[in-house]
Amino acid sequence: MLDSNGLQHPQSAQLILFGAMGDLAWRLVGPALFNLFLDQQLPAQFSLVGIDRKIDTNQLCQRWQDGVVKFSRRGAPSAADWSAFAQCIDAHTMDIRDKASYAALKQVLNSGADTSDAQVFYLAIPPGLFAAVAEGLASVGLHRDRSRCRVVVEKPLGDSLAAFQEIDRSLRAHFKERQIYRMDHFLGKETVQNILAMRFANPIFEPIWNRRYIDHIAVTVAEDIGVGHRAGYYEHAGALRDMVQNHLLQLMCLVAMEPPVAYDADDIRNKKLDVLRACRQIPADEVSSYAVRGQYAKGWIEGVAVPGYRDEADIDAHSNVETYAAVKLLVDNWRWQGVPFYLRTGKRMAAAVSEISIRFRDIPHNAFPATTGLNSQPVRLVIQMQPEEGMILKFMAKEPGSPLRLRPVDMRFSYCEAFKKPSPGAYETLLRDVLQGDATLFMRSDQVAAAWTLLMPILDAWTANPAPDFPNYPAGTWGPEAAERLVARDGSAWLTPSHAESREVYDCTPHD
Ligand code: BG6
């Protein structure tokens, strides 16, 4: 059945979730599926088989119900809704490393909706186990129906180009590229998808979206949380791998890509790949001119004292892992030649805010007297992704009355005001797309490889040379000073994100 957007809606689907008792399933996948169920976005016949080492259906339902209560955007479910959803859930115990156990899995799956339009294997497990599952499924022919059968994986997809290629080889040995859905949850966020709508559904942006009018573009994804309970993962990842390699580069691609011919998975992904291919390679001996790393020291977040990274639970007291990364990229093509893209992300920063700031060039000639205050703020377009969702155009306007004075003002679009309905969560959008077989918002293998290739010189330099100045930014600040210098060398500056700007005006909580 086709919907009003021409998308195929499967009438039946089977989701097989490896790692059903794990954190990802509990916090994100379960609540997202439940919300899709409430919104009647799941196929009419939907079944879920949760797989783990030791699991029974009651236990699984209880854990998922708890996850929904804690993490769903809708809060605690009604008993009736939950029990209707729980009807779709079954649990299956197996050791996924044991190849012999896949025959039993096949039997379980075939005894249910074996003719479902979609059969999705979601690997919510560490990447070290992907190969075993892919091999196990293939050994019993569960990979064979190329149009119906899909596999979903999430980062970390390796910690280097070589490691990614190895993981990828193990999946592609059995599945075709079109069956593999590599998830980057940022691409499921409404505000991120809106970048394409804003750029290509309006005629006014495209003519100025280039080096003639744009001075530079800054992408900020700042978090105020610390490493939390993820020390085991984060100590091997760090901010560059955790955020820049995937989320921030994806955002940059959406901002920088050429217009697609059609809103079609391959066309959009080809155009995004072109951006990564056009990025200037960072010379191994010039990494410090392109990238800055930081690690948080103790400090204050919203008036509360928080420990430094090295004092967090299970973190090495001499850890060299970066919790902040800023990167400058240059895109060598006609549109962007000479326009720097600055990407920065960090934990324990001054505010939790994600936005893209498009800084326009200054006017070519200033006809106003200096006393009018022109250029006290550059003209820029801010795409707000979190916590505010919308766009702000910041420009100069005349203050009422005389003498003539010019002042920066904001023209705002807010999702919440415009649409008056809550946005679906990123996992909801992405899970619905997988079930429908729409890969537009998923990453293709060549894209992921290109992102790793771009960052390898930085990763290699940082691994070979431990940071002499860690920790180098107090929690609750905007990151290390070196990041200011990175952009100041080009005559630019990071501007305080717009959400934090307004918070700074009204927030009187004591800071460090
Ligand atoms: C994840 C990272 O991919 O994204 C986390 O591993 C980070 O470190 C998270 O906190 C941020 O996502 P969101 O949706 O909360 O902005």
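Residues are numbered from 1 along each chain as its sequence is written, and side-chain values use heavy atoms, with hydrogens and water left out.

**The two domains**

Colour residues 12-183 as domain 1, and residues 187-356 together with 444-488 as domain 2; these bounds come from an automatic or database domain assignment. Taken over C-alpha atoms, the centres of the two domains are separated by 30 Å. The contact (heavy atoms within 4.5 Å) takes 12 residues from domain 1 and 13 residues from domain 2.

**Their interface**

Domain 1 and domain 2 bury about 980 Å² between them, 65% of it on carbon and sulfur atoms, where buried area is the accessible area (1.4 Å probe) that two parts lose on being put together, summed over both. Select K155, D159 and L161 next: in domain 1 these residues lose the most area to domain 2, together 49% of what that side buries.

Now show the side chains of K155 and D242, which meet in a salt bridge at 3.2 Å, N to O. On the side of domain 1 that touches domain 2, the largest share, 4 residues, comes from helix α6 (residues 161-172); helices (H or I, at least four residues) and strands (E, at least two) are DSSP runs, numbered from the N terminus. That side of domain 1 divides into 4 nonpolar, 2 polar and 6 charged residues, with Ala, Val, Leu, Ile, Met, Phe, Trp, Tyr, Cys and Pro counted as nonpolar, Asp, Glu, Lys and Arg as charged, and the others, Gly among them, as polar.

By the salt-bridge rule the count comes to 29, and one to select is R73 with D39, at 3.4 Å, N to O. R73 lies in the loop between α2 (57-71) and α3 (79-86) and D39 in the loop between α1 (23-38) and β2 (45-52), so the pair ties together parts that are 34 residues apart in sequence.

**Backbone stops**

Most residues other than glycine have a negative phi, and most peptide bonds are trans. Q40, in the loop between α1 and β2, has a positive phi near 55°. Move on to the cis peptide bond that joins Q386 and P387, with omega about -15°; P387 lies in the loop between β15 (380-386) and β16 (390-398). The peptide bond from S402 to P403 is also cis, with omega near 5°, and P403 lies in the loop between β16 and β17 (406-414).

**Confidence**

Finally, colour by pLDDT, the predictor's confidence in each residue, from 0 to 100: the protein chain averages 92, and 95% of the residues score at least 70. Over residues 503-512 pLDDT stays under 50. Where pLDDT is low, the predicted coordinates should not be read in detail.

Notes. This is a predicted model: local features need pLDDT of at least 70, side-chain atom pairs count only at pLDDT 80 or more; totals for chains, interfaces and linings use all residues. A salt bridge is a side-chain nitrogen of Lys or Arg within 4 Å of a carboxyl oxygen of Asp or Glu.
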